[in-house]
Amino acid sequence: MRAVKAHDNQGEFYVGGMELDRQVAQIANQWRDGDVDAGDRLFRELADDLRAIAQARLHTEKSQSLSAGDLVNEAVLRMMRLDRIEWANRPHILAMAATTMRQFLLDHARRANRDKRAHRRVTLCTAIAQDDPPIDVIALDDALRRLGEIDPQRAAVVEMRYFGGMTVTEIAAVIELSESTVKRHWTSARTWLQERLDH
């Protein structure tokens, strides 16, 4: 976690870890309630994280017509419509951003592939090499939706780990499980999805 410099009436101090997460969530909730300036502060704070998530997602997606900036902007616009959500912490916000980006890419792929669907293999990993082939996001979404019907918790772990690029620690904080359980969920869910995508 980063530490940031802040000020109070006694001078400078540093805020990091969980306290920073809580402050980011507080700003996000102010933005949800209509504070435009809070939204500006929030997305300045999260800009690097959001761009990293977007770049990772675009690297695995077949379309070359979108930029990371496009994907970040679309995620922000869609998150603006979430007027009933209570933001818990920074990982929660990033998990939702990753989910929103995935949904946008899925919508984009469905529009592009309306007349034909070419399925390709997917390697579910978090360290995506530059020579990995692009994936069929529609096929992956179908498999992930099926997993969600069977085991919503494991599907959530895949969503955050693969699409959001979140660490095991961050996922454990969001869904309130131990890190060892998150690791087991990730391993078993990845195996289950890969078997279905290979057929």
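Residues are numbered from 1 along each chain as its sequence is written, and side-chain values use heavy atoms, with hydrogens and water left out. Because the model is predicted, local features need pLDDT of at least 70 and side-chain atom pairs count only at pLDDT 80 or more, while totals for chains, interfaces and linings use all residues.

**Fold**

The protein chain has 8 helices and 2 strands. Both kinds are DSSP runs numbered from the N terminus: helices are H or I, at least four residues, and strands are E, at least two. From the N terminus the order is β-β-α-α-α-α-α-α-α-α.

**Core**

A nonpolar core joins buried Ala, Val, Leu, Ile, Met, Phe, Trp, Tyr and Cys residues through side-chain atoms within 4.5 Å. The largest one has 29 residues. Leu42, Leu50, Ile93 and Met101 have the most contacts inside it. α1, α2, α3 and α4 (90-112) each give two or more residues to this core. α2 gives the most, with 8 residues.

**Ring contacts**

Rings of Phe, Tyr and Trp (its six-membered ring) pair if their centres lie within 6.5 Å; planes under 30 degrees apart are stacked, over 60 edge-to-face, the rest tilted. The count is 1 aromatic pair. A charge sits over a ring if NZ of Lys or CZ of Arg is within 6 Å of the ring centre and within 35 degrees of the ring normal.

| Contact | Residues | Distance |
|---|---|---|
| Aromatic pair, planes at 80° | Trp31 and Phe43 | 4.9 Å between centres |
| Charge over ring | Arg161 and Trp186 | 5.9 Å from the ring centre |

The planes of Trp31 and Phe43 stand at 80°, so the pair is edge-to-face. Trp31 lies in α1 and Phe43 in α2, so the pair ties together parts 12 residues apart in sequence. Both Trp31 and Phe43 are buried.

**Second largest pocket**

A pocket is an open set of points on a 1 Å grid over the protein atoms alone, where a 1.4 Å probe fits, with protein on both sides within 12 Å along at least five of seven lines; lining residues have an atom within 4 Å of a point. The second largest pocket is lined by 14 residues. Trp31, Asp35, Val36, Gly39 and Met80 lie nearest its centre. α1 (17-32), α2 (36-59) and α3 (68-79) each give two or more residues to this lining. α2 gives the most, with 4 residues.

Notes. Buried means under 20% relative accessible area, exposed over 50%, partly exposed in between (1.4 Å probe, protein chains only).
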